[in-house]
Amino acid sequence: MLGNMEAVQFHPTAIVPAGILVTEGCRGDGGLLRDVDGYRFMPDYEPDKKELASRDVVSRRMAEHMRKGKGVKSAYGEHLWLDITVLGAAHIDKNLREVKDICHYFLGIDPAKEFIPVRPTQHYSMGGVRTDHTGQSPTLAGLFACGEAACWDMHGFNRLGGNSVAETVVAGMLVGEYVADFCESECGDLTVSTALARQFVDREQAYLDSLLAGRGGENAVVIRQRMEQIMTDKVGLFRNGTDLESAVAELTGLLQRSRQLALHYRRADANPELVLAYRLPRMLKVALSVALGALNRTESRGAHFREDFTARDDQAWLKRTLATWPDSADLPSLSYEPLDVNAMELPPGFRGYGVKNIVEHPASAPRQAEVDAVRQAEVDRHVRQARLMPFDHLLPAKYRGRNERLEC
Ligand SMILES: Cc1cc2nc3c(=O)[nH]c(=O)nc-3n(C[C@H](O)[C@H](O)[C@H](O)COP(=O)(O)OP(=O)(O)OC[C@H]3O[C@@H](n4cnc5c(N)ncnc54)[C@H](O)[C@@H]3O)c2cc1C
């Protein structure tokens with residue numbers, strides 16, 4: 001079962017055409033975004049935060065500006081400019097050395113002297129294998145996931161820069177413990193029969209053989225390229241019902257066609273075409289989970305932006321999308337898991353990025369009042385923390401101690 005697959009984050013500054021990211025530190029240090037005329041456009045859209053607005057907001061503003069015809073045309077599609085010449089060579093050498101190297105090796109330019117061609121690119125998936133707090137799938141015992149592959153709920157619909165470090169360190173530590181516990185428990189005993197394992201291997205081998213033997217069928221490279229185009233054009237930074245419907249319909253057609261693949265190069269050795277053909281139906285299922293989830297979610301939330309439903313609708317949509325695939329179906333089954341505002345230490349509110357456009361959840365304000373009352377209570381900080389976040393019992397026993405640093 002997958003969770004929140006429609007939550008896909010874009011990064012504003014991938015270099016064109018290589019697609020390698022240059023760090024947001026460029027803008028953090030004072031780098032500017034400029035258009036085809038050399039004009040610095042971000043203050044027009046985001047007067048307060050300018051280039052320092054959150055990455056999804058900056059990405060959308062860049063796309064919006066390019067839509068107005070202000071992009072720079074190139075053989076590799078339109079882009080904008082990232083200007084770090086303003087920081088000076090000494091600063092770049094000292095603090096942005098990696099950016100200097102990327103520009104040198106992949107663009108052949110010196111960013112202290114020339115603008116860097118950039119445009120937003122797909123970056124991070126907030127969705128993934130739905131897990132409980134231990135990292136285990138609630139629907140498939142023994143399947144654990146953590147990090148970017150998981151929907152462990154650390155990021156909601158919009159990961160903030162740097163939070164993958166927290167996720168990989170914290171989830172890696174906790175989930176690792178739970179995996180070890182699982183292996184030592186009775187549930188962790190290996191009960192899969194060798195006959196079942198053989199059946200699986202035989203089935204996959206038969207599939208590989210059919211790909212290698214197939215003639216006159218569908219071309220995996222063509223289908224993959226079309227999938228990429230659909231996802232970029234219709235399920236990307238800006239989404240709307242009409243485009244999403246057409247994306248779902250066309251991706252479903254591609255999934256059906258991907259069941260009739262035939263290879264041009266038919267050897268079972270190091271063969272990228274075979275690898276692609278083997279993975280393609282699953283890639284399409286992921287794409288369909290993203291597209292259908294985005295179509296159904298008639299609101300805008302974090303990285304998911306609907307032009308036809310611009311408000312974040314906490315009243316109707318404060319819930320997690322769950323996607324499962326019934327055997328041989330052409331579409332995922334979607335269901336929804338509501339979130340409990342009354343259990344939140346930080347109830348939903350306006351966090352100050354982008355424009356405030358929210359349909360409030362009725363429980364948000366009362367819960368915020370409760371949280372404020374707990375915060376103001378004259379009690380030990382650990383008692384206060386326990387009242388706001390009563391989750392100690394969910395941690396492995398050895399991590400339940402008090403955080404020493406908090407006591408300083
Ligand atoms: C350019 C870039 C810059 C970033 N900068 C930051 C940053 O500054 N701060 C931050 O917090 N986050 C940053 N991120 C995000 C962060 O790096 C990732 O979210 C994080 O590394 C994910 O870690 P992970 O261990 O979950 O997954 P991964 O690092 O993707 O590891 C998954 C591993 O699984 C392996 N694997 C895949 N399939 C299989 C298979 N079938 N069998 C066996 N192994 C397999 C892969 O080879 C890989 O080694 C950045 C991401 C990018 C792309």
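This report covers the model's domains, sheet, cores, ligand shell and a few local backbone features.

## Basis of the model

The model is predicted; local features need pLDDT of at least 70, side-chain atom pairs count only at pLDDT 80 or more, and totals for chains, interfaces and linings use all residues. Residues are numbered from 1 along each chain as its sequence is written.

Helices (H or I, at least four residues) and strands (E, at least two) are DSSP runs, numbered from the N terminus.

## Domains

The domain assignment divides the chain into domain 1 (2-123), domain 2 (128-188), domain 3 (194-337) and domain 4 (358-407). Such bounds come from an automatic or database domain assignment. The centres of domain 1 and domain 2, taken over C-alpha atoms, are 32 Å apart. Eight residues from domain 1 and eight residues from domain 2 make up the contact. Here two residues are in contact if their C-beta atoms, placed from the backbone, lie within 7 Å.

On the domain 1 side of this contact, β1 (2-3) and α3 (55-70) each supply at least two residues. That side holds two nonpolar, three polar and three charged residues.

## The five-strand sheet

Five strands form an open sheet in the order β7-β6-β1-β9-β10, with mixed pairing. The edges are β7 (150-151) and β10, each with a single partner strand, so one side of each has no neighbour in the sheet. Two strands pair if DSSP finds at least two bridges between them. β1 and β6 (residues 128-130) are antiparallel, with two bridges. Within this pair, L2 stands opposite V129 in β6.

β9 (residues 319-324) and β10 are also antiparallel, over six bridges. K319 has P338 in β10 as its bridge partner. How many of the six residues of β10 (residues 333-338) are buried? The number is zero, so the strand lies largely in the open. A residue is buried if 20 or more other C-beta atoms lie within 10 Å of its own, exposed if 12 or fewer, and partly exposed in between, with C-beta atoms placed from the backbone.

## Nonpolar cores

A nonpolar core is a set of buried Ala, Val, Leu, Ile, Met, Phe, Trp, Tyr and Cys residues joined through C-beta atoms within 7 Å. The largest has 42 residues, and V248, L251, L284, L288 and A291 have the most contacts inside it. Two or more residues each come from β2, β7, α6, α8 (220-234), α9 (241-257), α10 (272-296) and β9. α10 gives the most, with 11 residues. Beyond its neighbours within four places in sequence, V248 is in contact with L288, A291, L292 and L295. A second, separate core of 26 residues includes A14, F41, L80 and W81.

I223 is in helix α8. I223 has 22 C-beta neighbours inside 10 Å, so it counts as buried. Leaving aside neighbours within four places in sequence, the contacts of I223 are E218, L254, R257, S258 and L280. The C-alpha atoms of I223 and E64 are separated by 29 Å, and the two residues are 159 residues apart along the chain.

## Ligand shell

Which residues surround the ligand? They are L21, Y124, G147, E148, A149, G162, N163, S164, V165 and T168. A residue is near a molecule or strand if its C-beta atom, placed from the backbone, lies within 6 Å of it. Helix α6 (residues 163-184) gives the most to the shell, with four residues. By class, the shell has four nonpolar, five polar and one charged.

## Backbone features

The peptide bond from V16 to P17 is cis, with omega near 10 degrees. P17 lies in the loop between β2 (8-15) and α1 (25-28).

Two residues other than glycine have positive phi: D153 at about 75 degrees, and S328 near 50 degrees. D153 is in the loop between β7 and α6. With 15 C-beta neighbours inside 10 Å, D153 counts as partly exposed. S328 is in the loop between β9 and β10. S328 has 6 C-beta neighbours inside 10 Å, so it counts as exposed.

Key: Nonpolar A, V, L, I, M, F, W, Y, C, P; charged D, E, K, R; others polar.
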